[in-house]
Amino acid sequence: MQAVQYPGRQDRRAEPAHRSIAPLADRIAEVLVPLADRPLVFLGHSMGAIVGFEVIRRLAAAGGPVPFVLFASGRRAPSVERFETVHRRDDAGFLREMRELGGTDPRVLADPELVEMVLPPTRADYQAIEMYRAPRDAVISTAVVAMVGDSDPKATLAEVELWREHTTGSFELKVFPGGHFYLTDQQGAVVEAVSEGLAAARDARPTP
């Protein structure tokens, strides 16, 4: 299992954070090319779900093997657009959004030095995802398991259901109690759902 560390965070803190999805997806796809000879699976939450989708599109365009399942968590389908401008708010307004959405330790948001570190890369994330636009006909062959909290303000069930239109593979929607960061309180259920999704997608793969 490997985790993606975006620029501007932790051990990559000195690197400028990306403000669009494309360069992130380009770089991740480049790194994954040498690993394409083995089974790959993506799990991405929120913006990560879209990054995963775009990486798969790039791997497919390059003609190589693609991941056999994408777990798209806490994110509406790629072609569903909302007019959002959180990234343009002043610092006070931006921090208010972070508090309301949850997922960030309140102690971090109460510490001016930590806020100074967290704000730039988080704002860059918001800009990247809020400015993202996918073609309505953008489709991958990878199976998609869409996962969402039933009270997520960033993704309604109807918006998440539309992931179905972006894959020629199998599709499954899994709904959990909770908001945007439902994973925190539903870890056991999420692990079980991922295990089940892996098994189903693996069984559905064509035999070489």
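1. The model discussed here is predicted.

2. Which residues does Lys 154 contact, apart from its neighbours within four places in sequence? They are Arg 76, Arg 82, Glu 84, Glu 97, Leu 101, Tyr 126, Glu 159 and His 180. With Glu 97, the side chain of Lys 154 forms a polar contact of 3.0 Å. Arg 13 is 141 residues from Lys 154 along the chain, and 27 Å separate their C-alpha atoms.

3. Glu 97 belongs to helix α3 (residues 91-101), where it is one of the buried residues. After α3 comes Gly 102, which has a positive phi near 80°.

4. A further point concerns helices α1 (residues 21-32) and α2 (residues 47-61), which pack with their axes 8 Å apart and at an angle of about 55°. The two helices are therefore oblique to each other. Their crossing is right-handed. On the α1 side, the contact is made by Ile 21, Ala 22, Leu 24, Ala 25, Asp 26, Ile 28, Ala 29 and Leu 32. On the α2 side, the residues are Met 47, Ile 50, Val 51, Glu 54, Val 55, Arg 58 and Leu 59. Of the residues in this contact, 12 are nonpolar, three are charged and none is polar.

Terms used:
Residues are numbered from 1 along each chain as its sequence is written. This is a predicted model: local features need pLDDT of at least 70, side-chain atom pairs count only at pLDDT 80 or more; totals for chains, interfaces and linings use all residues. Side-chain values use heavy atoms; hydrogens and water are left out. Contact means heavy atoms within 4.5 Å. A polar contact is a pair of N or O atoms within 3.5 Å; within protein, one must be able to donate a hydrogen and the other to accept it, and residues adjacent in sequence count only if both atoms are side-chain atoms. Buried means under 20% relative accessible area, exposed over 50%, partly exposed in between (1.4 Å probe, protein chains only). Helices (H or I, at least four residues) and strands (E, at least two) are DSSP runs, numbered from the N terminus. Axes are lines fitted to C-alpha atoms, for helices over the stretch in contact, and angles run from 0 to 180 degrees between N-to-C directions. Angles under 35 degrees count as roughly parallel, over 145 as roughly antiparallel, 65 to 115 as roughly perpendicular and the rest as oblique. A crossing is left-handed if the near helix is turned anticlockwise from the far one by less than a right angle, and right-handed if clockwise. Ala, Val, Leu, Ile, Met, Phe, Trp, Tyr, Cys and Pro count as nonpolar, Asp, Glu, Lys and Arg as charged, and the others, Gly among them, as polar.
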